[in-house]
Amino acid sequence: MVCGSREAAERIRLALPEWNLSVFSEAVGIACAEVQKTTDYAADSLKRNAAERARLTECLTGLGFTVFPSDTNFILIRVPAGSDGLKFLEELASGQGILLRSCANFRGLDSSYIRISVGRPGDNDKLMAAVRGIFARTNA
């Protein structure tokens, strides 16, 4: 907006909604809401997420990680005893280009806790292969 008065511009700015949307953003939001009304997108997404979460949980548990129960698209894990969580994250990032969230700054947790986002099947396959590779090298 172009305004000749700084005071008027500031009053207008203060009256605007905190999350201002453009006409285009609003149209996209409305179109997405219409798609959700006519499909089972949300239910299908929940099913896919649950299946991928189960696959990740099975793989990680099999490698000795502690996997905490979750109903979300995130999994909280703890690296196996004797493993260094920060070194593990560094190997994933530098060697595989995979970034996971350290929980070292979460109250009550330390660097042995990691948060993983449940991704698409191909992304999860890449993560599981990388984790298996790291543990094959370190346990050989």
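**View 1. How much of the chain is tucked away.** Buried residues make up 23% of the 140 residues in the protein chain; buried means under 20% relative accessible area, with a 1.4 Å probe and protein chains only. This is a predicted model, where local features need pLDDT of at least 70, side-chain atom pairs count only at pLDDT 80 or more, and totals for chains, interfaces and linings use all residues. Residues are numbered from 1 along each chain as its sequence is written, and side-chain values use heavy atoms, leaving out hydrogens and water.

**View 2. The order of the pieces.** Helices here are DSSP runs of H or I with at least four residues, and strands are E runs of at least two, numbered from the N terminus. Starting at that end, the elements run α-α-α-β-β-α-β-β-α.

**View 3. Inside the largest nonpolar core.** This core has 21 residues, and Phe65, Ile77, Phe88, Leu92 and Val131 have the most contacts inside it. A nonpolar core is a set of buried Ala, Val, Leu, Ile, Met, Phe, Trp, Tyr and Cys residues joined through side-chain atoms within 4.5 Å. Helix 3 (41-62), strand 2 (74-78), helix 4 (85-96), strand 4 (113-117) and helix 5 (121-138) each give two or more residues.

**View 4. Zooming in on Phe65.** Which residues is Phe65 in contact with, leaving aside its neighbours within four places in sequence? They are Leu60, Ile77, Arg78, Val79, Pro80, Phe88, Val131 and Phe135, where contact means heavy atoms within 4.5 Å.

Conventions: Buried < 20%, exposed > 50% of the residue type's maximum accessible area, 1.4 Å probe, protein only.
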